[in-house]
Amino acid sequence: QYFTLKKDALYYAKNKEYTFDYKKVSLLHSHIGTAEKFTSRRNCFGIMDPIEQRLHIMACDCEETMRDWMKALLKVQAALVMEPGQGLRQLRDGVFSSDDSGLSSAPLPS
């Protein structure tokens, strides 16, 4: 599958050519964390959307890639809780500062 991170959501499609058929996963109220208790695959993380009551599980080639994706998603999520637009603007401009040590990679809740 093909994934892209835009503004307040993660979008995915079957592949890069199917971008007209993107599915949206909102990050604003979602829980992001490791997903080992939901799958037997390694290097997986999940995004649990409490509004849609849906769990999206993503598998990565290696743990480093999984951590990089989670860090990016959590950074966007942190920017979203700032004044509307300000955090995302700072993130886009490369001036958003979030303490990476505060980005949690805890397991998703059951």
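Predicted model: local features only at pLDDT ≥ 70, side-chain atom pairs only at ≥ 80, totals over all residues.
**Ground rules.** I number residues from 1 along each chain as its sequence is written, and side-chain values use heavy atoms, with hydrogens and water left out.

**Aromatic rings.** I looked up the ring pairs and found four. Rings of Phe, Tyr and Trp (its six-membered ring) pair if their centres lie within 6.5 Å; planes under 30 degrees apart count as stacked, over 60 as edge-to-face and the rest as tilted. One of the pairs is Phe3 with Tyr12, which is tilted, at 5.9 Å centre to centre and 35 degrees between the planes. Phe3 also pairs with Trp69, edge-to-face, at 6.3 Å centre to centre and 65 degrees between the planes. Phe3 lies in strand β1 (residues 2–6) and Trp69 in helix α1 (residues 63–80), so this pair ties together parts that are 66 residues apart in sequence. For helices I take DSSP runs of H or I with at least four residues, for strands runs of E with at least two, numbered from the N terminus.

I then checked accessibility (buried is under 20% relative accessible area, exposed over 50%, partly exposed in between, with a 1.4 Å probe and protein chains only). Phe3 is partly exposed at 27%, and Trp69 is partly exposed at 27%. Tyr12 is buried at 12%. I also noted one aromatic cluster formed by Tyr2, Tyr11 and Tyr22.

**Sheet.** I traced an open sheet of three strands in the order β4-β5-β6, with antiparallel pairing; two strands pair if DSSP finds at least two bridges between them. Its edge strands, β4 (31–34) and β6 (54–59), each pair on one side only. Strand β5 (residues 44–49) is joined to β6 by six bridges. Gly46 stands opposite Ile57 in β6.

**Helix α1.** I counted 18 residues in α1, which reaches 26 Å from its first C-alpha to its last, close to the 26 Å expected at 1.5 Å a residue; the expected span is 1.5 Å times one less than the number of residues. The helix lies across β4 and β5 and runs at about 160 degrees to β4. For such angles, axes are lines fitted to C-alpha atoms, for helices over the stretch in contact (heavy atoms within 4.5 Å), and the angles run from 0 to 180 degrees between N-to-C directions. Among the buried residues of α1 I listed Met66, Met70, Leu73 and Leu74.
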